[in-house]
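Please read the following report with the sequence and the 3D structure at hand. The text takes up one topic under each heading.

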Number of protein chains: 2
Amino acid sequence: MTDHKPGPNPLFLREEDLRQAIELLFFAYRDFTSEADAMLARNGFGRAHHRVIYFVGRHPMISVSALLDILRITKQSLSRVLGQLIREGFIIQHKGATDRRQRLLELTDKGLEIERQLTEAQRQRIARAYRETGGEAVQGFRSVLLGIMDPPDRNRFSRRGDT
Amino acid sequence: MTDHKPGPNPLFLREEDLRQAIELLFFAYRDFTSEADAMLARNGFGRAHHRVIYFVGRHPMISVSALLDILRITKQSLSRVLGQLIREGFIIQHKGATDRRQRLLELTDKGLEIERQLTEAQRQRIARAYRETGGEAVQGFRSVLLGIMDPPDRNRFSRRGDT
DNA sequence: GATAATATGTCAACAAACCTGACGTATATT
DNA sequence: AATATACGTCAGGTTTGTTGACATATTATC
C-alpha cells in the first residue's frame, strides 16, 4: 500500500541533504503541535490561542506591540484571540506604569494552569528527544535552528543564566 | 521600545532549556516559511499549495492517498488545492498502471519551475545555516528533529543513497 | 458473478485564523 | 498646539482546515 521511497531527482548529494532538512522541519513541527492542538480543540481554542498564552506566560507584563512583534500577525487578528482569552479569564490587562497607553498582559491563575497543561506535551516531547540524542546533538539542534531564523530574533536565545 | 528579556520563571535550568527549544522551533519555522509565503501570495496561492507542490515534486507519481498520509489533512481540503493546481496546469494526473483507481500525481514543467522558485529560498536558508554551523551540528539538528517527530515518519529519512 | 472494500471525487455548510482598510481614543513626545 | 504612538474596533474578505453525505470506478473476496 502506498509506496513513496525517499525519491529520485538527486541532482547533487547536497540537494538531497537540503530537501531532507526541509522535510524534517515539516514533519517535526507537524507532530510537535499535534497533542496541544487536540487539547485546544477540546477547549474550543485553536493554535493561535496557544501561542498567545505561551508568550504571555513566557513574558509576563508584555505589551501588546511586543507580542505582535513576536507573533508577526496583525493587531486585528491578535485582538480576536486575545479578547476571547481576556473575556474568559485566562489573561488580564494592566495599564502600563510608565506609559499608560500600554496594556500589559499577564496570565491569571486559570491561564497559568492551562498554559502548563498545553505546553506539557511539547516539553515532554522535547525532553525525550534531548534525552535520546545527548548534549552534543542538542547544541547542534540549537545552533542550526538559530542559523535558520532571521537575525533579529536570535538574541532572544542568550547562552544561559541571565535572568 | 518594547522590552522582553529572556524572561523569569526559571523553575529549573532544565525548564528553561525546554522552553528555549519550543521557541527555537517557533521562530525558525516562522522565518523559514516567510519568503515562500510572500512569493505564493503574489501568485494567488497559499502555503497549502506549496506543500502539495513540494511533495508531488519530491515523490513523482505519488497517489492521492499517499499524499494525504503525508499532509494529514482531509481529502476535501486537499481536493480544493489540488484541483486548483491541476486546472492551472501545475500538476497532471495519470491513471495508475496496476491499480487503475489511483490518480498518480506529477508536476508539469510549469509546476517544476514554480517548485524550484518556491523552495529555493528555503534551500538557501538551510544551506547557509548548515555552512555556518558545520557537519557535527547538522547531525545533531537531524537527530533531534527525528526524535521530536512521531516514529511512523522517521523512516522517510533513511541514512542516504537508497533510491 | 454478486458483494464488499478501496481510491477518489464532489456537494454543502461551517469554523479558525489570517488579511486589508478605515476610523477612534487615550496618552506621550516634540 | 501639533504630531506620533499604543491600542481598540468595525466591516468585509481569503485561505485552509473541518464534518457529513453521497457518487463512481475499480479491485478484491466469497
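## Contacts with DNA strand D

A backbone N or O atom of A:Arg103 lies 3.3 Å from a phosphate oxygen of DNA strand D, a polar contact in the sense of a pair of N or O atoms within 3.5 Å (within protein, one must be able to donate a hydrogen and the other to accept it, and residues adjacent in sequence count only if both atoms are side-chain atoms). The model is predicted, so local features need pLDDT of at least 70 and side-chain atom pairs count only at pLDDT 80 or more, while totals for chains, interfaces and linings use all residues. Residues are numbered from 1 along each chain as its sequence is written, chains are lettered from A and ligands numbered from 1 in the order in which they are written, and side-chain values use heavy atoms, with hydrogens and water left out.

Phosphate oxygens of DNA strand D also lie 2.8 Å from an N or O atom in the side chain of A:Gln93 and 2.7 Å from a backbone N or O atom of B:Thr74. Helix 3 of chain B gives the largest share of the surface near DNA strand D, 4 residues, where helices are DSSP runs (H or I, at least four residues) numbered from the N terminus.

## Contacts with DNA strand C

On DNA strand C, a base oxygen is 2.7 Å from an N or O atom in the side chain of A:Gln76, and a base nitrogen is 3.0 Å from an N or O atom in the side chain of A:Arg80. From chain B, a polar backbone atom of B:Ser65 is 2.8 Å from a phosphate oxygen of DNA strand C. The largest share of the surface near DNA strand C, 4 residues, comes from helix 3 of chain A.

## How the two chains are related

Chain B is superposed on chain A by a rotation of 180° with 0.0 Å of shift along its axis, at an RMSD of 0.1 Å, using least squares on the C-alpha atoms of residues with pLDDT of at least 70 in both. The two copies are thus related as by a two-fold rotation axis. Of the residues of chain B, B:Phe141 comes closest to the rotation axis, with its C-alpha at 1.9 Å.

Methods
Helix = DSSP H or I, 4+ residues; strand = E, 2+ residues; numbered from the N terminus.
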